[in-house]
Amino acid sequence: MNFGPLPTVDVTAVPADGLVLDVREDDEWAAGHVDGALHIPMSGFVGRFGELTEAAEDGRRVHVMCRVGGRSAQVTQYLVQQGIDAVNIDGGMLAWDAAGRPMVTDSGSPAFVA
């Protein structure tokens, strides 16, 4: 079943207050992530799907992020099929970092893309 081209946005088009869903694994998240992002690793995504629907219940767009865009593309496609307004962040965290967008860590150490 093909739903057409995958909705994608450039990192510079993600609003500062946008809902970012980070689907990377825990070690990648710990190295550095978008401040305020919702972290649900792809490996456990289906079991935690309710967390996302709750966060996006106001109908706002979900910006899906991984390291380079492969895993987030799969999750974006799934979300679109569920009727959720979701877009894949082109280039993922590597592009986010390259664009100079801010990143944080929970530990307070310097953020980097793992």
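This briefing describes the sheet, the nonpolar cores and the aromatic contacts of the structure above. The model is a predicted one, and its five strands form an open sheet with parallel pairing, in the order β1-β5-β4-β2-β3. Helix α3 lies across three of these strands, namely β2, β4 and β5, while the largest nonpolar core, of 16 residues, includes L21, F45, L52, V62, V64 and L79. F45, F49 and Y78 form one aromatic cluster.

**The sheet and its strand pairs**

- The edges of the sheet are taken by β1 (8-9) and β3, and because each has a single partner strand, one side of each is left without a neighbour in the sheet.
- Strand β1 is joined to β5 (residues 86-89) by two bridges, with the two strands running parallel, and here T8 stands opposite N88 of β5.
- Strands β4 and β5 run parallel and are joined by three bridges; V62 has A86 in β5 as its bridge partner.
- Between β2 and β4 there are four bridges, again in a parallel arrangement, and V20 is found opposite H63 in β4.
- Two bridges connect β2 with β3, which run parallel, and the bridge partner of L21 in β3 is L38.

**Which way the strand residues point**

- In β2, L19 and L21 point one way whereas V20 and D22 point the other way, and all of these residues are buried.
- In β5, A86 and N88 point one way and V87 and I89 the other, and here too all are buried.
- Helix α3, which lies across β2 (19-22), β4 (62-65) and β5, runs at about 170° to β5.

**The nonpolar cores**

- In soluble globular proteins, nonpolar side chains tend to be buried together.
- The largest nonpolar core holds 16 residues, and those that touch the most other members are L21, F45, L52, V62, V64 and L79.
- Two or more residues of this core come from each of the elements β2, α2, β4 and α3.
- Leaving aside residues up to four places away in sequence, L79 touches L21, F45, F49, L52, V62, V64, I84 and A86.
- Another core lies apart from the largest one and has 14 residues, among them V34, M65, I89 and M103.

**Aromatic pairs and a charge over a ring**

- A pair of aromatic rings is described by the distance of the centres and the angle of the planes.
- The count of aromatic pairs in the model comes to three.
- F45 counts as buried at 4% relative accessibility, whereas Y78 is partly exposed, with a relative accessible area of 27%.
- F49 and Y78 also form an edge-to-face aromatic pair, with 5.6 Å centre to centre and 75° between the planes.
- Taken together, F45, F49 and Y78 form one aromatic cluster.
- A charged residue, R101, lies over the face of W96, at 4.3 Å from the ring centre.

- G47 is exposed, with a relative accessible area of 74%, whereas F45 counts as buried.
- From C-alpha to C-alpha, G47 and E57 are 18 Å apart in space, and in sequence they are ten residues apart.

Note on methods
Residues numbered from 1 in each chain as written. Predicted model: local features only at pLDDT ≥ 70, side-chain atom pairs only at ≥ 80, totals over all residues. Heavy atoms only, no water. Phe/Tyr/Trp six-rings, centres within 6.5 Å; stacked < 30°, edge-to-face > 60°. Buried < 20%, exposed > 50% of the residue type's maximum accessible area, 1.4 Å probe, protein only. Lys NZ or Arg CZ within 6 Å of the ring centre and 35° of its normal. Pairing = 2+ DSSP bridges. Contact = heavy atoms within 4.5 Å. Axes fitted to C-alpha atoms, helices over the stretch in contact; angles between N-to-C directions. Core = buried A, V, L, I, M, F, W, Y, C linked by side-chain atoms within 4.5 Å.
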